[in-house]
Amino acid sequence: MTTHYDVRDGIAVLTLTNPPVNGLGLGTRRGVLEGLSRAQDDGTVRAIVITGAGRAFSGGADIREFNSPAANQEPTLPTVIAALENSTKPVVAAINATALGGGLELALGAHYRVAARKAQVGLPEVKLGILPGAGGTQRLPRAIGLELALNLIVSGTAVTAETLAATRLFDRLVETDVLAAAFELAQTAANQGAPYPRVRDWRVKHPNADGFIAFARMGVAAVAKNFPAPLKCVDAVAASVKPFEIGLAIERAAFSELVASTESKALRHAFFGERAASKVADIGDDITPRTIVKVGVIGAGTMGGGISMNFLNAGLPVTILESQPEALERGLATIRKNYEASAKRGKLSAAQVEQRMHLLTPTLSYADLTDADLIVEAVFEDYGVKQAVFEQLDAIAKPGAILASNTSTLDVNRIAAFTKRPQDVLGTHFFSPANVMKLLELVRGAETGKDVLATALGLAKKIGKTAVVSGVRDGFIGNRMIEQYSRQAGFLLEEGALPQQVDRAAEKFGFAMGPFRMGDLAGNDIGWAIRKRRAIEQPDVTYSKTADLVCELGRYGQKTGAGWYDYKAGDRAAYPSPVVDVLIVQHSQDLGLHRRTISDAEIVERLVYSLVNEGAKILEEGIAAKASDIDIVYLSGYGFPLWRGGPMFYADTVGLYNVLRAMRRYATGHQGAAWQPAPLLVQLAESGGQFNA
Ligand code: 3H9
């Protein structure tokens, strides 16, 4: 049972009991309606209170149900809300905690609302690529006014109930006992008798609704770009000045259209994918995480500093170690500078800056790390350097301390073997800038303890990261895939494209940055070093030499003032470089290739499908546990367009048969050997399957 019914002192109490957040799935909707009928039929019941059990009033419609037959099966949410509204006995919503989306819409169908002051309320549907589809766009403007409602609905922001104290939305706001206040109100309402107030009967008043809506539409159109939902929200809210049923029909039509859109499916995929990423099959509630109260960070460079800031921000003291006093000074100064920049932007107070700096202890001695519960190293990517660090850590770290490597490509098992406690070692691959980027790849070594991984997952949440678990393989998930993408980008140059065309096509597809601008930002020397290593480790794997030629000119990217593009002092814009263009064309000639015009569509397919193919290999090797993990890596760490749901989800929407067919076509072209399709992709394409089934 996902609703509970009982009668106390002549008041029927309907409690939503559908953990974790009382989602309004079919069973719960039925329960509410049945409870309502029971209360109408029971002569002893004078009024009805509806509330939620546990941590929420209701988190809204059950998102998992969307696009399944149950979503449209009666009673739908609009049916349930209409029944509340038309109840012959007064209905009071007792908003004990979070009321979002359909949850708030349900409350708007009650005659009265009592809420806990701190309860979070809002209509966040737009974040899932839809709009409130159970009357929210019509009732909320009636309750709180057109402008405020439009802002909340278009942004999807949740606010505390007390923020809306000045509006008609809540009849009472209370500190603690919501149910008692709701009972009192229910008794009073029953004493007064019908008619009971219905939000639908209220009028939206605004001195210039048309002008305001036109203004809002312009602003929303400018920022919503690839997301259709925000403008539909504006249209629906605009209709709230019309008769209620007309507005409701407009909302309903927009909801049906949006819920079926690829953008909404992608956003819902990302919502669940992000939550699923933190769940690991063999790590259940029986695994007790270790306690982390003190952190050590080795290396005060860009990465070490950024990593430290994450822990400081979460209130965890950090001891940061460097080998040279100057480097330590520099690292500390950078951290302070970053915090002061945040303070200038108004994101931190001066006191908060000091509080964080106060939690930071600099040191040149490993002896100061002996009481750390977690030590993260962010030193140079070289086995020799890592070995020296991990042997030291093994010697000084207290028993049970977690030893983490921020390696972005090296073998975590080999690193773990530098210690006598491989069960305490894992990879924590932060992305630069580490204090900003959401993604954290947790690399589980062959011997990493379950409690160590559980601790890292919990800690990731605490420091606001989106953690994805990867097995041990060169490049883990993200960088392993990006290498194939970069290879294709290089081959495209040999065949006829220029960096600016490739970047433009990738950015038009929606990538935050094309591959060459990204290379210039990250530093082209990093890829160069990897290719040199590959030449020894995997001599059969081919790369375009173009990138090496660019590096040989000292063009490492923004940091050297020149890379694939030219840069001007004090200006981060990338200017196409005649030097690089000549170099590329010359290189094609040297290879004996006849340069051809390459379409943007081909560029995008080759970039994205190379990610997909490698992703499929990662999945079949078990390096990633599920396709959505790969999508989350790309959405949170690599600027993949959110509305396309990540590379694996995107491939599903294109159709794996079509993806494979295109790959087979490219396999007959220049450097076609790079297009060996992953067996998993072939199998799914042939059986009509999907990565994200
Ligand atoms: C809607 O209402 C449409 C209507 O307008 C029209 C209908 C006709 N459904 O985030 P957490 C799960 S659209 C199903 O980790 P928190 C979530 O997957 C809906 N499941 O916790 C997770 O499950 P698991 C509009 C849901 O405390 C667990 O709950 N509403 C739903 O940090 C805990 O979630 C929204 O968009 C749901 N609606 O945050 C609200 N919500 O444990 C979306 C949550 O298996 N939800 N789950 O991984 C949220 O913003 C947050 O989850 C919430 C709790 C603030 C509620």
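Cys 551 is buried, at a relative accessible area of 2%, where buried means under 20%, exposed means over 50% and partly exposed lies in between (1.4 Å probe, protein chains only). Keep in mind that this is a predicted model: local features need pLDDT of at least 70, side-chain atom pairs count only at pLDDT 80 or more, and totals for chains, interfaces and linings use all residues. Residues are numbered from 1 along each chain as its sequence is written, and side-chain values use heavy atoms, with hydrogens and water left out.

**Cysteines**
- Cys 233 is buried too, with a relative accessible area of 0%.
- Searching the whole structure for disulfides (a pair of cysteine sulfur atoms within 2.5 Å) turns up zero.

**Nonpolar cores**
- A nonpolar core here is a set of buried Ala, Val, Leu, Ile, Met, Phe, Trp, Tyr and Cys residues joined through side-chain atoms within 4.5 Å.
- The largest one has 89 residues, and Ile 95, Leu 106, Leu 140 and Phe 170 touch the most other members.
- A second, separate core has 65 residues, including Leu 439, Tyr 565, Leu 619 and Tyr 650.
- Leaving aside neighbours within four places in sequence, Phe 170 is in contact with Ile 95, Arg 113, Ala 115, Val 121, Ala 161 and Leu 164; contact means heavy atoms within 4.5 Å.

**Helices H9 and H10**
- The axes of H9 (residues 229-238) and H10 (residues 244-259) come within 9 Å and cross at roughly 170 degrees.
- Those axes are lines fitted to C-alpha atoms, for helices over the stretch in contact, with angles from 0 to 180 degrees between N-to-C directions.
- On the H9 side, Ala 229, Lys 232, Asp 235 and Ala 236 meet Ile 250, Glu 251, Ala 254, Glu 257 and Leu 258 in H10.

**Asp 373**
- Asp 373 sits in the loop between strand E13 (360-363) and strand E14 (374-377), and counts as buried at 8% relative accessibility.
- Not counting residues up to four places away in sequence, Asp 373 touches Thr 291, Ile 292, Val 293, Lys 294, Lys 398, Gly 400, Ala 401 and Ile 402.

**Leu 26**
- Leu 26 is in helix H1 (residues 26-41) and is buried at 10% relative accessibility.

Methods
Helix = DSSP H or I, 4+ residues; strand = E, 2+ residues; numbered from the N terminus.
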